[in-house]
Each structure stands twice: as structure tokens, then as C-alpha cells.
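Have the model at hand while you read.

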Amino acid sequence: MTSSDPAGTPAGWPPLRAELRGLEPYGAPQLDVPVQLNVNENPYGPSAACVADIATAVARAAVTLNRYPDREFTELRAALAGYLSRDTPHGIVPGQVWAANGSNEVMLQLLQAFGGPGRVALSFAPTYSMYPEYARDTMTEWVQGHRESDFALDLDHARDLIKERQPSVVLLPSPNNPTGTALPPEAVTVLCEAAAENEQTGIVVVDEAYGEFRRSGTPSALELLPQHRNLVVSRTMSKAFALAGARLGYLAAAPEICDAIRVVRLPYHLSAVTQAVALAALRHAPELLGKVDELRAERDATVAWLRDQGLSVAESDANFALFGTFADRHAVWQGLLDRGVLIREVGPDGWLRVSIGTTEEMTAFKQALTEVREEGQG
Ligand SMILES: *Cc1c(COP(=O)(O)O)cnc(C)c1O
């Protein structure tokens with residue numbers, strides 16, 4: 001938009017920060033296709049009983065919508081603490097819980113509070129593609145180490161990089177997105193100890209967005225909270241909990257970390273409607289989580305099938321599988337889309353990620369992939 005603009009828009013309009021000019025907003029394509037296996041959603045929606053309960057809760061909240069909501073979301077905090085306590089023998093108390101509009105907002109708040117100019121946020125590639133954006137938006141320096149070829153963390157490298165770059169925030173998805181790799185507890189301990197040896201202790205955020213899908217025998221980092229005051233474990237209702245549309249993410253950490261976040265959060269950031277919906281959904285936790293075991297079985301079957309086709313597949317503790325490698329992954333992605341199956345072009349060169357859907361959806365995916373490969377695309 002320069003001099004040809006009829007309104008005579010001046011150069012440099014709008015006055016965006018220089019480092020943001022020309023950037024596209026992040027987001028996977030939202031295409032209306034029959035089989036959507038691209039953003040790791042739970043394919044199963046809520047039951048009629050759950051929908052009715054949510055509607056009643058929203059109607060009740062609507063009566064007092066002239067008032068601001070409970071800024072401390074006291075009831076929701078207690079419910080989330082109760083839910084998390086199932087994953088650790090030590091239990092979680094409400095003062096250890098923080099929540100916001102999706103774990104994306106939780107993570108942004110963590111960087112607003114603990115990152116900032118002159119500070120470093122660190123992760124290990126391949127990692128969640130949103131992290132560098134939170135760093136950029138909070139003017140935090142973004143540093144990325146690497147992972148092993150099987151996507152496990154190289155602990156010596158991780159320790160060295162923490163010592164060298166002194167990050168105030170280390171961000172680690174476990175299971176990792178886009179690879180599905182879970183962090184063993186020993187790795188979490190090594191990282192927390194390394195960050196505690198910084199001149200100024202850094203926090204280690206283990207992003208368990210896919211935690212409920214982990215394989216049996218893979219513990220949650222929640223169990224390690226009593227041992228590491230700098231550990232933060234983040235969760236979301238968007239994936240296993242089948243509530244992506246409601247936008248509710250949360251974390252468990254030492255109470256002083258939760259208190260620090262309160263300084264940067266917007267007042268009344270969690271609407272009364274969001275709080276009511278999340279509380280009603282938590283009352284239906286067994287139902288909403290009911291399909292997790294089925295999805296885990298479907299995941300294991302999908303991984304086995306892809307390997308039978310001669311493809312490489314990363315070990316997955318999540319509700320997706322990263323597979324490859326293709327000389328032209330875009331051609332494979334497009335070939336699948338032409339057949340009504342939307343997956344994600346993400347991860348290292350040559351790899352593709354498929355979310356685990358219903359058995360019918362996975363059958364459609366397998367059939368489409370077989371056709372695409374028979375036609376020699378990619
Ligand atoms: C999907 C995802 C989230 C969840 O984001 P919400 O904002 O809670 O929907 C967080 N972290 C990772 C790594 C994810 O893949």
C-alpha cells in the first residue's frame with residue numbers, strides 16, 4: 001500500500017513493529033473437507049447430556065453477565081486441581097493452578113512474566129511452531145537446540161546449551177509436537193537442575209497438551225513438581241478433553257509462579273461463560289475422555305500400518321503420527337487433500353503429520369495414501 005492508494009496512505013502505515021512487517025498470521029489452513037486430520041483435535045464431540053449441561057451452565061452464568069467474572073476463577077481452579085491430582089500421588093492444590101484462554105495464552109503469559117528483552121527462551125527442534133511467536137511477541141530472544149535423529153532429547157547438548165545461553169524459560173512439549181516423543185522423567189530432572197544452576201534460575205515448562213494420550217508406563221511430569229520449584233506443567237482441554245472450541249488451557253506449578261503470572265494477565269481474562277463451560281465439561285470428564293483409550297489404540301494401529309507400508313514413523317505418545325520421508329511431501333499432502341483428507345505439512349523436511357481420527361476417518365486416510373503412493377506422487 002503506497003502512493004497508488006486513493007486515500008494517500010503514507011509509507012510505513014500501519015506503524016507495525018519493524019520485525020512484524022510482512023509476516024503472515026500463524027494458523028493451519030481451515031478447509032472444509034470431509035476428513036480433517038490436521039490440528040490434532042479429538043474427533044468425538046460431546047454427548048447430548050453434556051451439551052445440555054453446558055447450555056444450562058451458560059444460561060445460569062448469563063443471569064449475572066452485567067457483572068465482571070470471578071477474577072481468580074476460584075471454583076474452576078479447584079476443579080482443575082482435582083482433575084490433575086489423578087495424575088500424581090502428591091496431589092495438586094488450587095494455589096498451584098493457573099488457567100487462561102487456551103494453553104497458548106498460558107504460554108504467552110509465562111513469557112510476558114518470565115521472558116522479555118535481554119532474556120532467552122529455549123527449545124529443541126523440531127518443536128511446537130507457536131513457541132518462537134510467543135518469544136517474538138514478548139521481545140524474548142529465541143534459541144533453538146536440536147534433537148537426536150529419533151527425536152529424543154540429547155541431554156548433554158541440552159545441558160550445555162542451558163549453561164551457555166542461560167535461558168529464563170525452557171519450553172518442552174511432552175509428548176512433543178510434531179513428533180509425538182515423550183520426555184522421560186530423568187530428562188525433566190536434568191533440565192530443571194540445569195536451569196536451576198543458571199545465574200538466575202530459569203523455569204522449565206513441560207507442555208503436556210497431549211499428556212492424556214501418553215502410553216502406559218510414561219509418567220506425567222506432574223509427579224516431579226515437589227522436587228523442582230522451577231518446573232511448570234501445562235495442560236489443555238483442547239485435545240484429549242475434546243473441548244478445543246471452548247479455549248481453556250491451564251498449568252500446575254509452585255504457587256509463587258502462579259502469583260507472578262497474575263501480574264501480567266489481563267483483568268477478568270477468563271469470561272464467566274468460559275468458566276461455566278469448563279466447569280460443566282469437567283463434571284463430564286469421564287465421558288469426554290472416554291474415547292482416549294480408543295484413540296490410543298487407533299494411533300498404535302496407524303503407526304504399525306504406516307511401518308508396514310515401508311515408511312518411517314516417529315514413536316508417538318500423542319494423538320498423531322509423524323511419518324515419512326517423501327521427496328516431495330507437498331505433493332503427498334496435496335494428493336491426500338484432492339481425495340478429501342486434510343493432514344498437516346509440518347516437521348522436518350520430508351515428513352508429514354496425521355492426527356488420529358475415528359476408525360472410518362483413518363480408513364479413508366489409509367486408502368487415500370495408498371492411492372497417492374501408487375500414482376507415484378511424492
Ligand atoms: C495443541 C497444542 C496446544 C494447545 O493449545 P490450546 O491453546 O490450549 O488450544 C499447546 N501446546 C502444544 C504443543 C499443542 O500442540
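Domain bounds here come from an automatic or database domain assignment. With those bounds, the largest pocket takes at least three lining residues from domain 1 (28-46 + 290-374) and at least three from domain 2 (49-283). Please keep in mind that this is a predicted model.

**The pocket and its lining**

The largest pocket holds about 780 Å³ of space. Its lining is made up of 35 residues, and Tyr26, Val39, Asn104, Tyr128 and Lys239 are the ones nearest the centre. By class, the lining of the largest pocket has 16 nonpolar, 13 polar and six charged residues.

**The ligand**

Where does the ligand sit? The space it takes is the largest pocket. Around the ligand you will find Gly102, Ser103, Asn104, Tyr128, Asn177 and Asp207, together with Ala209, Tyr210, Thr236, Ser238, Lys239 and Arg247. This shell divides into three nonpolar, six polar and three charged residues.

| Residue | Ligand atom | Distance |
|---|---|---|
| Asn177 | oxygen | 2.7 Å |
| Asp207 | nitrogen | 2.7 Å |
| Thr236 | oxygen | 2.6 Å |

How much of the ligand's surface does the protein bury? Taken alone, the ligand exposes 390 Å², and 94% of that is buried by the protein.

**The enclosed space**

Now for the cavity. How many cavities of 30 Å³ or more are there? The count comes to one. About 90 Å³ of space lies in this largest cavity. Its lining consists of 16 residues, with Leu183, Glu208, Pro219, Ser220 and Ala221 lying nearest the centre. Sorted by class, the residues lining the largest cavity are ten nonpolar, four polar and two charged.

Terms used
Residues are numbered from 1 along each chain as its sequence is written. This is a predicted model: local features need pLDDT of at least 70, side-chain atom pairs count only at pLDDT 80 or more; totals for chains, interfaces and linings use all residues. Side-chain values use heavy atoms; hydrogens and water are left out. On a 1 Å grid over the protein atoms alone, a cavity is a set of points where a 1.4 Å probe fits but cannot get out, and a pocket is an open set with protein on both sides within 12 Å along at least five of seven lines; lining residues have an atom within 4 Å of a point. Grid points are joined across faces, edges and corners, and a volume is the space filled by probe spheres set on the points. Ala, Val, Leu, Ile, Met, Phe, Trp, Tyr, Cys and Pro count as nonpolar, Asp, Glu, Lys and Arg as charged, and the others, Gly among them, as polar. A residue is near a molecule or strand if one of its heavy atoms lies within 4 Å of it. A polar contact is a pair of N or O atoms within 3.5 Å; within protein, one must be able to donate a hydrogen and the other to accept it, and residues adjacent in sequence count only if both atoms are side-chain atoms. Accessible areas come from the Shrake-Rupley method with a 1.4 Å probe; for residues, only the protein chains shown count as cover. A molecule sits in a cavity or pocket if more than half of its atoms lie within 2 Å of its grid points.
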